[in-house]
Amino acid sequence: MSDTAAGPASKRVFIDKQSPKAYHALTETAEAVRAVAADAGLDRRLAELINLRVSQINGCAYCLNVHTRAALRAGETTQRLGVLAAWRDTELFTARERAALALAEAVTEPANAAVQQSAYDAARQALTDDEISAAIWVAITINAFNRVSIMSKHPVRLIPQQ
């Protein structure tokens, strides 16, 4: 690839800025999903855990940065956030949270049918139908935002400590 009038070949297009109508539709979807999650009784902390776990799997630094701050604002603890990548190996997460996290992982990496079925079966035991639907929608939505940020290479900037 060669340099263009817009700059060097390594410069990424911020697709959210380049195609604002599409990005606006995605943000409207996210707002609708937040409302669905709230109506289903899926609390904000759990939604943020889903956002973070999916972003960990996808390696999206920008979304990890945004949703770590959101989780802390929602009352999540630094201890639980620190071990989230290894949630299966701790007893810090409730059965409900574990079911939602497994479901989010299955949404993010759906190719393994056995893992997907196992996650869904666990979700059926711990979550209502509305909560299952909401958790899946939260995972779908953050997966989409992860792809926007990863492909755009949205920067993560240092936030000064107060």
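Leaving out neighbours within four places in sequence, Phe93 is in contact (heavy atoms within 4.5 Å) with Leu49, Arg80, Val83, Leu84, Trp87, Arg98 and Leu101. The model is predicted, so local features need pLDDT of at least 70 and side-chain atom pairs count only at pLDDT 80 or more, whereas totals for chains, interfaces and linings use all residues. Residues are numbered from 1 along each chain as its sequence is written, and side-chain values use heavy atoms, with hydrogens and water left out.

Phe93 is placed in the loop between helix H5 (78–83) and helix H6 (95–108). With a relative accessibility of 5%, Phe93 counts as buried; the term buried applies under 20% relative accessible area, exposed over 50%, and partly exposed in between, with a 1.4 Å probe and protein chains only. Arg53 is 40 residues from Phe93 in sequence, and the C-alpha atoms of Phe93 and Arg53 are 13 Å apart in space.

The secondary structure of the chain consists of eight helices and zero strands, where helices (H or I, at least four residues) and strands (E, at least two) are DSSP runs numbered from the N terminus. Along the sequence the pattern reads α-α-α-α-α-α-α-α. The C-alpha trace spans about 55 × 40 × 30 Å along its principal axes.

Of the 162 residues of the chain, 37% are counted as buried. Among contacts between residues at least 6 apart in sequence, 70% join residues at least 24 apart. The chain exposes about 9,600 Å², of which carbon and sulfur atoms supply 55%; accessible areas come from the Shrake-Rupley method with a 1.4 Å probe, and for residues only the protein chains shown count as cover. The mean positions of the 18 positive and 17 negative charges lie 8 Å apart. Lys and Arg count as positive and Asp and Glu as negative, while His and the chain ends are not counted; the place of a charge is taken as NZ of Lys, CZ of Arg, CG of Asp or CD of Glu.

Ala37 belongs to helix H2 (residues 20–40) and counts as buried at 3% relative accessibility. Apart from neighbours within four places in sequence, Ala37 is in contact with Leu42, Ala134 and Val138. Ile136 is 99 residues from Ala37 along the chain, and the C-alpha atoms of Ala37 and Ile136 are separated by 9.8 Å.

His67 is found in helix H4 (residues 61–73) and, at 14% relative accessibility, counts as buried. When neighbours within four places in sequence are set aside, the contacts of His67 are with Glu48, Asn51, Leu52 and Ile142.

The structure holds zero disulfides, a disulfide being a pair of cysteine sulfur atoms within 2.5 Å. Cys60 is in no disulfide, and the nearest cysteine sulfur, that of Cys63, is 3.4 Å away. Cys63 is likewise in no disulfide, with the sulfur of Cys60 as the nearest cysteine sulfur at 3.4 Å. Cys60 is buried, with a relative accessible area of 1%, and Cys63 is buried, with a relative accessible area of 5%.
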